[in-house]
Structure formats: structure tokens, C-alpha cells
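Thanks for coming, everyone. Let me put the structure up, and then I'll walk through it.

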Amino acid sequence: MVLGFTGTQKGLSKEQADTLAALVAELRPAEVRHGDCVGADTEFHVVCGRLGIPIVIHPSSRQTKRSYNRNADNIMPAKDSLTRNRDIVDASDTVLACPSGMQEMLRSGTWSTVRYARKTGKRVII
């Protein structure tokens, strides 16, 4: 299973971080994909790296929001955020989302990715 990830730039709460680590360990995906953004993407990257799960990064062309995580197995070409988020969903079987709140918001990259994943029929875990 390929697990895509999207999360808040604000970083994870303690509860989200604990749940994320437990879920990734339980799911044991064959590969994970994320957008290399500051905040939650970096925390996800660290968890997956510790578990030895292969990581594919889909960076944004907006460099001010990038984390430049290392130790990825593959780094895709940089694209605008909306396009790269859709690429992550398209390449994934399941999408794990860690938004800043549980109420769906407009103008949120995380929620936009969740909406797209649902539209394409992917399994979404929030």
C-alpha cells in the first residue's frame, strides 16, 4: 500500500503526533509520499524514516514553504502546490491527513487535498 500524507504547516499537536506514529506503524505502508512542506510533512518524514519506510517527496515550487528533507528514496520535480498535492493523491492508495482543525476549511491545502482524495475515491484517514 502507498500512503500519501497531507498536513498543516503549523505542525502537529501532541495527540496528532502520537496517533500518526501509531497509525503509520500499524499500516506499514510499502511507500509513503508527502509534499516536503514545513510543519506536519517534516514530522511525518521523520516518523517514516525511523520506521525504515521508503519515502517519495513531491516538493512545491514555492521554496519558502519547503523543508528540504533529506534521506528520501526519490524526489519528484517541483510543481505548484495544488498540482503536487493531486500527484500525491493520484500515486497513493490511502491518504492520511492531519489538518489544523476538524472543521473543513476553504483555502486550506490540507482540506483541498482531502476533498480531491474523496472525489477520486481514495481511502482518507483524518
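One term before we start: contact means heavy atoms within 4.5 Å. Helices (H or I, at least four residues) and strands (E, at least two) are DSSP runs, numbered from the N terminus. Now the ground rules. This is a predicted model, where local features need pLDDT of at least 70 and side-chain atom pairs count only at pLDDT 80 or more, while totals for chains, interfaces and linings use all residues. Residues are numbered from 1 along each chain as its sequence is written, and side-chain values use heavy atoms, with hydrogens and water left out.

Start with helix α4, residues 109-119. Buried means under 20% relative accessible area, exposed means over 50%, and partly exposed is in between, using a 1.4 Å probe and protein chains only. The buried residues of α4 are Thr110, Trp111, Thr113, Val114, Tyr116 and Ala117. What covers them? The cover includes β1, α3 (81-90), β5 and β6 (123-125). After α4 comes Gly121, with a positive phi near 80°.

Next, the core. A nonpolar core is a set of buried Ala, Val, Leu, Ile, Met, Phe, Trp, Tyr and Cys residues joined through side-chain atoms within 4.5 Å. The largest one has 16 residues, and those touching the most other members are Phe5, Leu20, Val24, Val32, Phe44, Cys48 and Leu96. At least two residues each come from β1 (2-7), α1 (14-27), α2 (40-50), β3 (55-57) and β5 (94-98). Which element gives the most? That is α2, with four residues. Take Val32 as one member. Leaving out residues up to four places away in sequence, Val32 touches Leu3, Phe44, Cys48, Ile53, Pro54, Ile55 and Val56.

Stay with α2. Its buried residues are Ala40, Asp41, Phe44, His45, Val47 and Cys48. Seen down the helix axis, they fall within an arc of 165°, so they line one face of α2. That arc is taken from the directions from the helix axis to the C-beta atoms. These buried residues pack against β1, α1, β2, β3 and β5. Just after α2, Gly52 takes a positive phi of about 75°.

Now Arg33. Arg33 sits in strand β2, residues 31-34. Buried or exposed? Arg33 counts as buried, at 13% relative accessibility. Its side chain makes a polar contact with the side chain of His58, at 2.7 Å. A polar contact is a pair of N or O atoms within 3.5 Å; within protein, one must be able to donate a hydrogen and the other to accept it, and residues adjacent in sequence count only if both atoms are side-chain atoms. Beyond four places in sequence, the residues Arg33 touches include Val2, Phe5, Phe44, Ile88 and Ser92.

Last topic, salt bridges. The term covers a side-chain nitrogen of Lys or Arg within 4 Å of a carboxyl oxygen of Asp or Glu. How many turn up in the whole structure? The search finds four. One joins Arg33 to Glu31, with the closest N and O atoms 2.9 Å apart. Another pairs Arg66 with Asp36, at 3.2 Å, N to O. Arg66 is in the loop between β3 and β4 (74-75) and Asp36 in the loop between β2 and α2, so this pair ties together parts 30 residues apart in sequence. Arg66 is buried at 18%, and Asp36 is buried at 0%. Lys79 and Asp87 also meet in a salt bridge, at 2.7 Å, N to O. Here Lys79 is partly exposed at 33%, and Asp87 is partly exposed at 21%.
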